[in-house]
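Subject: Structure for your review

Dear colleague,

My notes on what was found in it follow directly after.

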Amino acid sequence: MSECPSECPCGSAKQLAACCGPYLDGEDEVWAPTAEATMRSRYSAHVLGNADYLVATLSEDQRADYDKEEAEQSFADTKWLGLDIRKTSQGGEDDERGEVEFVARYRTGTQQVSHHELSYFSREDGRWVFSGCEMNPKAPTVRVQKVGRNDPCPCGSGKKYKKCCAA
C-alpha cells in the first residue's frame, strides 16, 4: 500500500482519518454507512493501493471475477487524478440497494482517462458492497411534446393554450 495522504483522496475535502480511513484500515470492522460512502472509499482504496479493501467491498458474485493480483499490478502504473460523484439514487442508511454515478479520472503511462460509470450497490450481511455497473451510462431520452394553439393549456387551467400561457 502506498503512503497515506492527510486529505482523503475521495474528494470530500475531509481528512482521511475522518472520512474513508476508518473503513480502509479494517481494524474495527467499520463499514461505510451508505452506497456513496462505499463508492468514495473504494476510490480511495484504488488511490492508496488497498486491494484487500476492494475485495472486501465486492458482492459475492463480483468476487468470483475479481483478479486481485492484476489490480495490485495496476496500482503502480496508475495515477489517480480525481473523483466526481454525478448522482446517487437510494443507497441511504435504511436502504437495501443504491446507485452511484461517477467519473473517476486517472493517468496510466501517457494516457489520461475519464472512467464514467453507474455503480450498483447492495447490502450483504448488513454492509454495502459493489454488485455491478453500467459503463458510460446515458441519460434517458427526453421527448418534448408540442402544444398546439387550440389544445388545452398544460398548466391545467382548462383554457385553450392560446388564451392562457401562450398569450
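A residue is called buried here when its relative accessible area is under 20%, exposed when it is over 50%, and partly exposed in between. Please note that this is a predicted model.

By that cut-off Tyr106 is buried, because its relative accessible area is 19%.

Three aromatic pairs occur in the structure. In one of them, the ring centres of Tyr43 and Trp80 lie 5.5 Å apart with the planes at 80 degrees, so the arrangement is edge-to-face. Tyr43 belongs to helix α2 and Trp80 to strand β1 (residues 78-90), so this pair ties together parts that are 37 residues apart in sequence. Tyr43 is buried at 4% relative accessible area, whereas Trp80 is partly exposed at 21%. Trp80 also pairs with Tyr106 in a tilted geometry, with 4.9 Å from centre to centre and 45 degrees between the planes. Tyr43, Trp80 and Tyr106 together form one aromatic cluster.

Charged surface

Asp25, Glu27, Asp28 and Glu29 form a negative surface patch. Of these, Glu27 sits in the loop between α1 (21-25) and α2 (35-48) and is exposed, at 67% relative accessibility.

Backbone

Most residues other than glycine have a negative phi. Ala13, in the segment before α1, has a positive phi near 70 degrees and is exposed at 59%. Asn136, in the segment after β4 (127-135), has a positive phi of about 45 degrees and is partly exposed at 44%.

With kind regards

How values were computed. Residues numbered from 1 in each chain as written. Predicted model: local features only at pLDDT ≥ 70, side-chain atom pairs only at ≥ 80, totals over all residues. Heavy atoms only, no water. Patch = residues over 30% accessible without salt bridge, like charges linked within 9 Å, V, L, I, M, F, W, Y side chains within 5 Å. Areas by Shrake-Rupley, 256 points an atom, 1.4 Å probe, with all protein chains shown as cover. Salt bridge = Lys/Arg side-chain N within 4 Å of Asp/Glu carboxyl O. Lys, Arg positive; Asp, Glu negative; His and termini not counted. Charge placed at Lys NZ, Arg CZ, Asp CG, Glu CD. Helix = DSSP H or I, 4+ residues; strand = E, 2+ residues; numbered from the N terminus. Buried < 20%, exposed > 50% of the residue type's maximum accessible area, 1.4 Å probe, protein only. Phe/Tyr/Trp six-rings, centres within 6.5 Å; stacked < 30°, edge-to-face > 60°.
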